[in-house]
Structures are given as C-alpha cells and as structure tokens.
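Subject: Structure handover

Hello,

Here is the structure to go with your files. My notes on it follow below.

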Amino acid sequence: MLSTVAVGTDGSATAAKAVEAAADIAERFGAKLVLLSAFDGTDRPTGTGSGANEREWAFNNDARVRELLRRSEQELRERNIDCASMHDEGDPAEVLIRLAEDCGADLLVIGNRGMERRVLGSVPNTVTHKAGCSVYVVKTT
C-alpha cells in the first residue's frame, strides 16, 4: 500500500522524532524513505581571504542541509532502510509539498513543530491543507 514515505527534517531534535516515525513506517511497509528539507539561501558570507571556504560552509545553508541529509541517510542505510534525500531553497512548507510530489510520496511525515522552529503549527498546517498525498503529523513536542 505504501511504496514511498517522505519525511521533512531540518536537523532539529523534534524533526528527528518525525524521521524516526517515518523510518518505522518505511520498515513496516518495506517502503523507500525520502528525506526532505528546505533551506534559506540568504545566509551567504561576503568578502575574500584566508578561510573563505570554511566561512562559506559555515554560512551556506545549502551545504549544511546537504551534510545533515547525508548523515541521516547513512544512519538509515545502517538500518537497511532504502532511502534517498531531496532538498531545495524556499519556504519550508511549499518545498516539502513540492518535493513530496516530485518523489511520488504516498505518505508525507512531518513533526507538529514547524521547520526551523517557526511559529508552532505553521508548516504542518500548510502541509496538511495543500499536500497531494496523505500526511502524518507526529507529536514532537
């Protein structure tokens, strides 16, 4: 019944609860798990000089999200869960909705606390109203 489970994550402790719930569902149904994340592309350092690459990574939300997803994928693969990840720049709710559709998710798992600790419920509220697939909201707080 479920072949692809997607889960939104921002690397926070509360999002980890949603990832764990999604991993359990994926294991139970033998489904693929797709980690989804959004980033804000505005935090770019300016200037040049020694250590520019390190500063770029420290302020580059895209690089941080890619690393977070890479680590999460590695942990899930150690549990023998078939997984992948997708990320994009933009509003977290809109990105999650679009990426869930792009990966053909049958179920989108999100925490009840919004990505990047936005106002309680803002991301889950938008996702549950606009997603093209079923949405499971995990109590994370």
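I110 in β4 stands opposite V137 in strand β5. Strands β4 and β5 (residues 134-138) run parallel and are joined by 5 bridges; two strands count as paired if DSSP finds at least two bridges between them.

The model is predicted, so local features need pLDDT of at least 70 and side-chain atom pairs count only at pLDDT 80 or more, while totals for chains, interfaces and linings use all residues. Residues are numbered from 1 along each chain as its sequence is written, and side-chain values use heavy atoms, with hydrogens and water left out.

Strand β4 also pairs with β1, in the parallel sense over 3 bridges, and there V5 stands opposite L107. Of the 5 residues of β4 (residues 107-111), 5 are buried, so the strand is largely enclosed by the rest of the structure. Buried means under 20% relative accessible area, exposed over 50%, and partly exposed in between (1.4 Å probe, protein chains only). L107, V109 and G111 point one way from β4, and L108 and I110 point the other way.

The loop between β1 (4-8) and α1 (13-29) holds D10, which is buried at a relative accessible area of 18%. The side chain of D10 makes a polar contact of 2.7 Å with that of S12. A polar contact is a pair of N or O atoms within 3.5 Å; within protein, one must be able to donate a hydrogen and the other to accept it, and residues adjacent in sequence count only if both atoms are side-chain atoms.

There are 9 salt bridges in the structure, each a side-chain nitrogen of Lys or Arg within 4 Å of a carboxyl oxygen of Asp or Glu. Two of them involve E67: one with R70 at 2.6 Å, N to O, and one with R71 at 3.0 Å. E67 and R70 are 3 residues apart in helix α3, and therefore separated by about one helical turn; E67 and R71 are 4 residues apart in that helix, again about one turn. R70 is partly exposed at 42%, as is R71 at 45%.

Another salt bridge joins R79 and D24, with the closest N and O atoms 3.4 Å apart. This pair links distant parts of the chain, 55 residues apart: R79 is in the loop between α3 (61-78) and β3 (83-89), and D24 is in helix α1. Both are partly exposed, R79 at 30% and D24 at 32%.

Regards

Notes. Helices (H or I, at least four residues) and strands (E, at least two) are DSSP runs, numbered from the N terminus.
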